[in-house]
Amino acid sequence: MRFVELNQDEFVQFLNHHPLRTFFQLPAMDFLGEKGGWTSDYVGVKDDQQQIIAASRIMSCPTRFGKRIFYAPRGILVDYENKDQLTFFTNELKKFIKAKQGYVLHIDPPLLYKERDINGNLVAGGFDHHQAYLNLLSLGYQHGGFIRHYEESRQVRWGFVLPLENKTEDDILKGMKGNTRRTIQRAMHYGVTVRSLEYDELDKFIHIMDSTSARRHFSDRGLDYYQTMYQIFHDQGYVKYMLAEVHIDDTIKVLQADRDELFKKSQKENIRQKQLAELNRNIAAVDKKIATMNELKEKHGEHLELAAGMFMFYGDEVIYYYSGSYGEYMVFGGQHIIQWRMIQEALKQHKKNYNFYGIKGIFDPKDSDYGVYEFKKGFNGHVIEYIGDFFLPISSYYYIEQIARKLKRLKRGK
């Protein structure tokens with residue numbers, strides 16, 4: 001085996017065929033770090049036949065005293081259960097980073113840890129990559145913990161995935177929870193449509209994201225990020241921004257037709273009192289919906305933008321990456337219909353997985369973020385647990401820096 005520096009084309013060619021590939025590792029993602037002074041190197045390992053067998057994009061940024069911190073986004077790309085390969089690559093990375101005044105390497109591979117079911121429980125006899133975890137620890141990597149929460153400075157450790165292989169649209173619909181399926185059907189019945197957004201329409205996306213971040217108390221990326229992602233990845237088919245919208249007049253026409261049909265049934269001769277009472281209740285419910293639609297129209301206009309989502313298409317999966325919705329328009333099921341349209345698109349493109357991406361990893365209905373998990377769970381699938389973050393100390397400065405951080409935290413706490 002031989003450690004080598006790679007050019008971007010060599011790295012991308014290897015990345016595109018690696019089982020642990022994600023769009024986070026693409027060189028085009030360098031833009032995220034450039035403003036903060038981050039730069040990237042591309043390194044790998046070649047075997048005796050000069051074939052690349054391991055590789056990584058590793059970013060670095062200067063800190064104090066001329067030292068640099070290194071990070072391999074969703075890397076490194078290596079067989080974590082091949083101890084010889086992992087050892088060689090790690091040792092060479094340490095030499096490479098040390099020569100560049102680096103003091104730590106942070107990795108967060110998209111390697112699944114243990115197999116989980118839809119409820120987050122371990123699957124008996126399922127896959128178990130604990131050996132990979134032990135291999136990393138034996139080489140000096142320090143684990144960031146089996147966390148069960150969101151952390152803005154790290155990639156998600158828990159997610160939710162819907163497998164698509166050998167499934168039809170009917171299979172997917174039948175597998176959904178009843179409420180989820182009915183919400184999708186209602187959205188279609190109400191005339192909710194989904195379309196892709198062009199670059200000059202991304203202000204619609206950011207307005208929805210701003211509303212959602214204010215309601216749910218999280219920090220959003222901002223328009224510049226979404227525009228740059230569009231510029232970099234849209235023409236390659238890697239990113240789509242989707243918008244759910246509705247014309248209220250069309251919805252009112254549908255509801256009025258529903259009401260007319262119910263009223264027609266209520267006027268039949270010899271109708272039973274029980275049936276008539278049920279029909280009258282349904283008519284009243286439709287009348288209430290029509291009144292609600294008219295109120296929304298008077299307040300917001302005839303055309304409503306309901307929800308939006310950003311989706312990444314790369315490798316064998318579609319990732320539901322970012323999304324938002326207007327709280328007062330939830331009745332239309334905008335987020336549900338967007339998911340369904342993108343699942344349909346993933347099926348057309350023969351993707352293996354529809355990745356709903358991050359969840360908290362806490363499966364208690366009392367948890368404040370349980371609704372995020374419950375929404376994704378409604379489409380069927382299973383929980384995924386990534387192996388987590390690891391930090392490889394390169395020099396003694398890493399420990400000095402850790403002590404300094406702890407002292408700062410203690411000082412803030414006083």
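This report describes a pocket, some backbone features and a pair of helices in a predicted model.

## Basis of the description

Because the model is predicted, local features need pLDDT of at least 70 and side-chain atom pairs count only at pLDDT 80 or more, while totals for chains, interfaces and linings use all residues. Residues are numbered from 1 along each chain as its sequence is written, and side-chain values use heavy atoms, with hydrogens and water left out.

## The second largest pocket

The second largest pocket holds about 740 Å³ of space. On a 1 Å grid over the protein atoms alone, a pocket is an open set of points where a 1.4 Å probe fits, with protein on both sides within 12 Å along at least five of seven lines. Its volume is the space filled by probe spheres set on the points, which are joined across faces, edges and corners.

The lining consists of 31 residues, and Pro19, Leu20, Pro110, Leu112 and Asn353 lie nearest the centre of the pocket; lining residues have an atom within 4 Å of a point. The elements giving two or more residues to this lining are β7 (158–163), β11 (317–325), β12 (353–359) and β13 (382–385). The largest share, 3 residues, comes from β12. Strands are DSSP runs of E with at least two residues, helices are runs of H or I with at least four, and both are numbered from the N terminus.

By class, the lining has 17 nonpolar, 7 polar and 7 charged residues. Ala, Val, Leu, Ile, Met, Phe, Trp, Tyr, Cys and Pro count as nonpolar, Asp, Glu, Lys and Arg as charged, and the others, Gly among them, as polar.

## Backbone features in loops

The peptide bond from Gly75 to Ile76 is cis, with omega near 5°. Ile76 is found in the loop between β4 (68–72) and α3 (83–99).

Phe65, although not a glycine, has a positive phi of about 60°. This residue is in the loop between β3 (52–62) and β4, and Phe65 is exposed (over 50% relative accessible area, with a 1.4 Å probe and protein chains only), at 67%. Asn270 is likewise a residue other than glycine with a positive phi, near 60°. The loop between α9 (248–266) and α10 (273–300) contains Asn270, which is exposed with a relative accessible area of 77%.

## A pair of helices

Two packed helices are described by the angle and the distance between their axes. The axes of α7 (residues 202–216) and α8 (residues 223–233) come within 10 Å and cross at roughly 135°. Therefore α7 is oblique to α8; angles under 35 degrees count as roughly parallel, over 145 as roughly antiparallel, 65 to 115 as roughly perpendicular and the rest as oblique. Axes are lines fitted to C-alpha atoms, for helices over the stretch in contact, and angles run from 0 to 180 degrees between N-to-C directions.

Notes:
Buried < 20%, exposed > 50% of the residue type's maximum accessible area, 1.4 Å probe, protein only.
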